[in-house]
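Here is a friendly briefing to read alongside the model. Please keep the sequence and the 3D view open as you go.

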Amino acid sequence: MDIGVGLPTTVPDRDITRLPAWAAHAESLGFSTLSTLDRLVYDNDESLIALAAAAAATSRIRLATTILIAPYRRDTAVLAKQAATLDALSGGRLRLGLAAGGREDDYAATGASYGDRGRRLDAIIEELRGHWAESSPIGPTPATPGGPRLIVGGHSPAAMRRAARHAEGWIAGGSSVAGFAALAEQARTVWAEAGRTDKPRTLSLAYVSLGPDGQQRAENYLRRYYAFIGPKAERAAAGVLTTPEAVRATVADYGAAGCDELLFFPCTGDAKHLDLLAEAAL
C-alpha cells in the first residue's frame, strides 16, 4: 500500500510561502503523493495553485486533488486548461480526484446550482475529456495522453457508478477502516457490473496530529473545518491519530482491507511533523 500525505492548505497555521519546501521535504522522505482538500467558502489555499507550487519544487512524487469539487466551478474549459497545465508542468504526475461535494455555500458563492451537482459532474467529466483530446483547440496538451488520470469520490451508488464509467479508481472521503472495506467492496462490485475488467484503485484519507498537544491541535482545527456537518464534527476530531502506534495500526488495518493508497492529512503546517509521520508510517 502506498502512503501519501496531504499538503497543509487548510490548517490554521499554514504558510503558503513555505509550501514548496514542505513539498520537497515530503518527497525526500518517500511519501507517494502530495494531496489537497478543496473548499471555497473557507480560509484555505486553492488546490490547483498549491499543487502547481508543489510540482515546481518536486520531481517524483505524485500530485492529487482528493478531491476537487468540480461542479461549483462554472467554466469547465478553464478547469480543463488548468489541469492540463498542471499535468504538463509536473510531467504527468497529476491525479485529478473529483466529487460533487456537500456544502451548499460553496455553490452559492459562485452561483452554481446545488441540487443537480451529481448530474453536472458527469457532464463535466465528459467535457474535460473533450478539452484534453488532441483535436481540441484548447491547450496545452497534457503530459498524460487523453488527460490526467481521474479518481472519483463519494459514497453514494451514483458516485460509485460515476467512478466505474470515468475513472481509474475511487476514493473514500474519510471513514473507519470497516466503513472503507465495505465501501471499497461495493466499488469493486459496481466496477464489475459496468463491464470493467480491471480493478479500481482504492484510496482513503486519515487525519494525523502527532507530537505535543496533538489532540488539542487536531480538535481546534477539525471542529472548525467540519463545523458544517454539526455534531459529526466532534466525531471527526475524536478520530484523529495522535500516536505513532495508532498510525502504524491504521496502516496495517487499511492494508489488510485492500486499500491501495492511504493519504495522511496532518493538522499543522509545521514541517517537523512530516518527520514524525514518516517515522511512524513509512
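Predicted model: local features only at pLDDT ≥ 70, side-chain atom pairs only at ≥ 80, totals over all residues.

Residues are numbered from 1 along each chain as its sequence is written, and side-chain values use heavy atoms, with hydrogens and water left out. Helices (H or I, at least four residues) and strands (E, at least two) are DSSP runs, numbered from the N terminus.

**Salt bridges**

- A salt bridge here is a side-chain nitrogen of Lys or Arg within 4 Å of a carboxyl oxygen of Asp or Glu, and by this rule the count comes to 20.
- Side chains of opposite charge can pair when their charged atoms come close.
- One of these bridges joins R62 and D2, at 2.9 Å from N to O. R62 belongs to strand β3 (residues 62-69) and D2 to strand β1 (residues 2-6), so this pair ties together parts that are 60 residues apart in sequence.
- R62 also forms a salt bridge with E261, where the closest N and O atoms are 3.2 Å apart. Because E261 sits in strand β8 (residues 261-266) and R62 in strand β3, the pair ties together parts that are 199 residues apart in sequence.
- E261 has a further salt bridge with R201, at 3.2 Å from N to O. This pair links E261 in strand β8 to R201 in strand β7 (residues 201-208), 60 residues apart.
- Through shared partners, these salt bridges join D2, R62, R201 and E261 into one network.
- For accessibility, buried means under 20% relative accessible area, exposed over 50%, and partly exposed in between (1.4 Å probe, protein chains only). Both E261 and R62 are buried, with E261 at 2% relative accessibility. D2, at 29%, counts as partly exposed, and R201 is partly exposed at 23%.

**Helix pairs**

- Two packed helices are described by the angle between their axes and the distance between the axes. Axes are lines fitted to C-alpha atoms, for helices over the stretch in contact, and angles run from 0 to 180 degrees between N-to-C directions.
- Helix α3 (residues 76-89) packs with helix α5 (residues 117-132) at an angle of about 55°, their axes 9 Å apart. That makes α3 oblique to α5; angles under 35 degrees count as roughly parallel, over 145 as roughly antiparallel, 65 to 115 as roughly perpendicular and the rest as oblique.
- In this pair, T76, A77, L79, A80, A83 and A84 of α3 meet I124, E127, L128, H131 and W132 of α5, where contact means heavy atoms within 4.5 Å. The residues of this contact of α3 with α5 divide into eight nonpolar, two polar and one charged. Here Ala, Val, Leu, Ile, Met, Phe, Trp, Tyr, Cys and Pro count as nonpolar, Asp, Glu, Lys and Arg as charged, and the others, Gly among them, as polar.
- Helix α10 (residues 244-256) packs with helix α11 (residues 272-281) at about 50°, with the axes 8 Å apart, and this makes α10 oblique to α11. The contact brings P244, V247, R248 and V251 of α10 to L277, E279, A280 and A281 of α11. The residues of this contact of α10 with α11 divide into six nonpolar, no polar and two charged.

**Two buried residues**

- T36 lies in strand β2 (residues 33-36) and is buried, with a relative accessible area of 0%. Leaving aside neighbours within four places in sequence, T36 has contacts that include L7, S47, T66, I67 and F265.
- Y221 lies in helix α8 (residues 214-225) and is buried, at 1% relative accessible area. The C-alpha atoms of Y221 and P12 are separated by 6.7 Å, although the two residues are 209 apart along the chain. With neighbours within four places in sequence left aside, the contacts of Y221 include P12, L37, Y207 and C267.

**Backbone details**

- Most residues other than glycine have a negative phi, and most peptide bonds are trans.
- T66 and I67 are joined by a cis peptide bond, with omega about 10°; I67 is in strand β3.
- Another cis peptide bond joins G139 and P140, with omega about 0°. P140 is in the loop between α5 and β5 (149-153).
- D213 is not a glycine, yet has a positive phi of about 60°. D213 lies in the loop between β7 and α8 and counts as exposed, at 62% relative accessibility.
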